[in-house]
Amino acid sequence: MGADREGSGRRRPARVVACAVGGIVLLAGCASMPDSGDLRGVESTPRQDPQVRVFAMPPQEDAPPADIVQGFLEALTSDDPHYETARKYLTGDAAKNWRPDRSATVLAGGPGTESDHSGSREDGNDYSVTLTGVKVATVDAQQSYSPADGSYRESVHLTRDGKTKQWRIDVLPQGVVMGKSDFQRNYMSVNRYYFASNTAVRADAEAGTNRQPAAVADPVYVRRRVDPMTQVVRSLLSGPTSLLGPVVRSSFPTGTALAKNVVSLAPDDRSKLTVPLNDKAARAGADKCDEMAAQLLFTLQNLTPAVEEVELRSGGEQLCSLTEDRAGTVATRGSAQRPDYLYFVDDQDRVVRIAAGSNGTRAEPVPGPLGEGETALRSVAVSRDEHSAAGIGLDNKSLYVGSLVSGGSLGDPVLISKGTKEADRLTPPSWDARGDLWIADRDPADPRLLLLEAGAGDPVEVRMPGLDGRVQAVRVAADGVRIALIVEKDGKRSLLIGRIERDEKAGDPPAVTVLELRSATPELEEVTAMSWAGDSRLVVVGREHGGVQQIGYVQVDGSTPEASVPAALTGVKEIAATEDERLPLVAYSEDLIVRLPSGQQWQKVTEGTAPVYPG
């Protein structure tokens, strides 16, 4: 469970007994009480094969307090669905009142234990210990992950039953606690999908209708080998996490849940999952039912490729059915939108492009004024529909917006910074799914995050209450409700993820606010570049304190995804990715544009700077 805290005079603690039989591992706390010193820590369980299920052993007869505590901590890391074995280490009242699903606390090593020397004795009828450790993260009752730090100290009290004379725990903290390696073995991250509350894509003026709603990924952690499919469906029906709640909606009617007789869900041999719901779901119309099925299909496909169709039923009747092929007509999802081109600035300071995902190395100028080279550019951003682009002049002072259609002129800058140094002027811009343009002005005298509706008009200053630092880079997610910012304070650059809220009234400029800014890279001292690389994932270039530059992936909640680490690359100044994870990473390094095809090494593309995919 945790790193061993060995002191002088303390013998090496015995490890739990592990017996693998038919894919099952049994864990039993069987170490004896140390002769002197504090109680020992509980070592982390070694990594197991993903197919191996781990079950704990109940307490042994006449086990001393040390073994009861250790056995209980081991039981927390097992695959027991309802922690029935762990409850056997508790008194009746404690077992009834303990809520393991309330939270999970993740410690760097695992929970160490210190005995309370204030008078409790093993030869008496009560005993107290303190669980200790260094916090890494917490998972709350909504299954939402948050990085954490600081020390962990929680008291555990044991009592000896007057009749049986057996030691049992009668006072303990709510939730579960375990080491980082045990957490990674026991839990997995899954994206649940909801829809942006405000239409994430601007109305189609010609058709007079709104486009499909934008699907928003809301990652949660579920227990890996405790029927994760049913867990995830129940979690989706319970609603979004509090972080995204204000900006997303669920199409499931309030009160919708799995039917009472549902124990477990599994797809049939045709990859179709039937989901029986209670009578609340029957209130949804045909369009809403399709959206409900899309939420389930997007969520379950993030868990497993085994589900290709979802059928919803209520009261024994079919409500609707949705296949993978038709889901894309119900809602948009960033990871399903494949861009046409990769863009960058060539050695003539103009915007050029190469077909996305191709092996080509020959770039062509983009149509329109940005590709003609009349205005020298340092960086570029292309709208998600690839109809418009925004460029920053060589001195970082001016922002230009132009069409990616032949003909026409670039015109005057739509924004000019007053910063006196290049590094104190405009950041590279970013387009959101609505067709609005985001950019930060780094002028120390007036640092601002700005929004230009449709890339034109007077910029709207975005409010960021509680922001402590100056924005150095901006990237808006495809879902339209999240934004990633590199923020500098006291020489340290951190990656922060925030929620975008809009208050729009007819005829008035929108009031736009970024709230709940949270660090996604607490372990990095210097973040130099980043890009969205999935619906809830980013690729980041940075370094730890005293370390070297590295490239890695992070989740929006600050956890580390299970994706493999990209091949090492030195001197990375900029990096580009897209929500479609099938496309290669692209970077600007050592005065070259390079790309990383899946499973291969970095390859030279051509000379140039500022590579970007649309967005």
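Predicted model: local features only at pLDDT ≥ 70, side-chain atom pairs only at ≥ 80, totals over all residues.
View 1. Helix α6 is mostly covered, with 13 of its 18 residues buried. At 1.5 Å a residue, a helix of 18 residues should span 26 Å, and the end C-alpha atoms of α6 agree with this, being 26 Å apart.

**View 2. Surroundings of helix α5.** Because nine of its eleven residues are buried, α5 is largely enclosed by the rest of the structure. The buried positions are P228, M229, T230, Q231, V232, V233, S235, L236 and L237. The buried residues of α5 pack against the strands β11 (187-196), β12 (215-223) and β14 (272-277), and against α6. G239 follows the helix and has a positive phi, near 105 degrees.

**View 3. Crossing of α5 and α6.** The axes of α5 (residues 228-238) and α6 (residues 286-303) come within 10 Å and cross at roughly 145 degrees. This crossing is right-handed. From α5, the contact is made by P228, M229, V232, V233 and L236; from α6, by Q295, L296, T299, L300 and L303. By class, eight of these residues are nonpolar and two are polar, while no charged residue takes part.

**View 4. Confidence along the chain.** The chain has a mean pLDDT of 89, and 88% of its residues reach 70 or more. Over residues 1-24, by contrast, the pLDDT is below 50, although the model shows 75 contacts for this stretch beyond near neighbours in sequence. Residues 46-50 also stay under 50 in pLDDT, and the model gives them eight contacts beyond four places in sequence.

Definitions and conventions. Residues numbered from 1 in each chain as written. Heavy atoms only, no water. pLDDT = per-residue confidence, 0-100. Contact = heavy atoms within 4.5 Å. Axes fitted to C-alpha atoms, helices over the stretch in contact; angles between N-to-C directions. Helix = DSSP H or I, 4+ residues; strand = E, 2+ residues; numbered from the N terminus. Left-handed = near helix turned anticlockwise from the far one by under 90°. Nonpolar A, V, L, I, M, F, W, Y, C, P; charged D, E, K, R; others polar. Expected span 1.5 Å × (residues − 1). Buried < 20%, exposed > 50% of the residue type's maximum accessible area, 1.4 Å probe, protein only.
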